[in-house]
Amino acid sequence: METRNLVQAGVIAGALGTAFAAWSPAWVERWFATGFYPHWQRGLTAVSNLLPLPWLDLLVAAALVWLGRLWWQALRIPGRRLVSSGRALASTATGAACLYLVFMGSWGLNYQRLPMSVRLALDAAPVTTDEVVRLGEDAAGQLNSLHGAATAFGRQAGEAEMVVALAPAAGTIQRQLGQARPAVPARLKGSLFGQVFRWNGVDAMTSPFGLEVLVNPDLLAVERPFVAAHEWAHLAGYAVEAEASFVGWLTCLRGDPLAQYSGWLALYWQVVAELPPVRRAALQARLQAGPRADLDAIAARLRRGELPRLRLVSWLMYDQYLKANRVESGVDSYGEVVSLIVRARRSTAARRLLLPD
Ligand SMILES: [Zn+2]
């Protein structure tokens, strides 16, 4: 076997081993999530923040050029196509295996951490509809009372001010959750994929390759603080969607009036989705005109940009991706933030997180 073949076989075997290994959550927590990863994140996000465009865009462009060149060379000589296609296939598989290994080493292993409910020792009794309704009523009350101050704040604060204002809150909650050194917050970057986000109704994503945040260009001012806080929680090593939303919401509670409003608005949206229609209508009736107009504006933004069929396919793919990373509930894990918050409200120890000082 040539050295080249040996290296390729080694890389592919390494990727398969990583994918199917029985990772011990305690080991991942100790050596990766609170060991290597925080140092890696602080360095890589700081470097990524220097560049206004996402590394991910450059990476995708480079990968497409490389793949195009590889396959064009493999297929251009008639008569040797079978042998050269086999080689190109091996190189493509090796490239994919390398990307997967970088994904896992740079961020993806965070999926194998101890769940938040275990780390916070939350009560495991099932969440009742009444508890969800009570949380929704609190959200509606907060939205009604914060709307005026949030609107005033949103008018004067630009994107940069929003990020500067929210970063200390993110650091505070990460420390309260036991992180010795908080994550470096990422700037919110536009991307070549902005249009794809629009079509799919995606608000933002954290790229594991540059540990940077790419956002949908159409986000409204009332959505941005929560979206930023959610993505920063991913950067802080909370890979699971519900956990990132939980930490994002806790961040917003510690922020300015616009951030608080943004956090409650996102939570209200989730709570409404979890309720049966009758309870949902009763909750919606509590909301005053201001917050209701904001929710309508978000729904209109989503409708304007979406291609429903593409959105469906993309969410099915994302569901499979989450399940491949052993998040058994797949995209339903977004709604689990409601359950995390309800269970945290029951626990005396966790309740201190819900009361920003
Ligand atoms: Zn997320």
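How much area do domain 1 and domain 2 bury between them, and what share of it is on carbon and sulfur atoms? The two domains bury about 2,900 Å², 57% of it on carbon and sulfur atoms; buried area here is the accessible area (1.4 Å probe) that two parts lose on being put together, summed over both. The structure is a predicted model, in which local features need pLDDT of at least 70 and side-chain atom pairs count only at pLDDT 80 or more, while totals for chains, interfaces and linings use all residues. Residues are numbered from 1 along each chain as its sequence is written, and side-chain values use heavy atoms, with hydrogens and water left out.

The domain assignment gives domain 1 as 3–112 and domain 2 as 116–354; such bounds come from an automatic or database assignment. The C-alpha centres of the two domains lie 30 Å apart. Contact between them (heavy atoms within 4.5 Å) involves 35 residues of domain 1 and 32 residues of domain 2. Within domain 1, the residues that lose the most area to domain 2 are Arg 42, Trp 107 and Tyr 111, together 25% of what that side buries.

Polar contacts between the domains number 16 residue pairs, with both residues at pLDDT 80 or more. A polar contact is a pair of N or O atoms within 3.5 Å; within protein, one must be able to donate a hydrogen and the other to accept it, and residues adjacent in sequence count only if both atoms are side-chain atoms. On the side of domain 1 that touches domain 2, two or more residues come from each of α1 (3–20), α2 (25–48), α3 (55–76) and α4 (81–106). Of these, α2 gives the most, with 10 residues. Helices are DSSP runs (H or I, at least four residues) and strands likewise (E, at least two), numbered from the N terminus.

Arg 198 sits in helix α8 (residues 194–200) and Asp 218 in the loop between β3 (212–215) and α9, 20 residues apart.

Helix α9 (residues 224–235) also holds His 230 and His 234, four residues apart, about one turn of the helix. Together with Glu 241 (OE), their NE2 atoms coordinate the zinc ion at 2.1 Å. The donors (N, O and S atoms within 2.8 Å of the metal, or 3.2 Å for Na, K and Ca) follow the spacing H-x3-H-x6-E along the chain. Water is not among the atoms, so sites may look incomplete.
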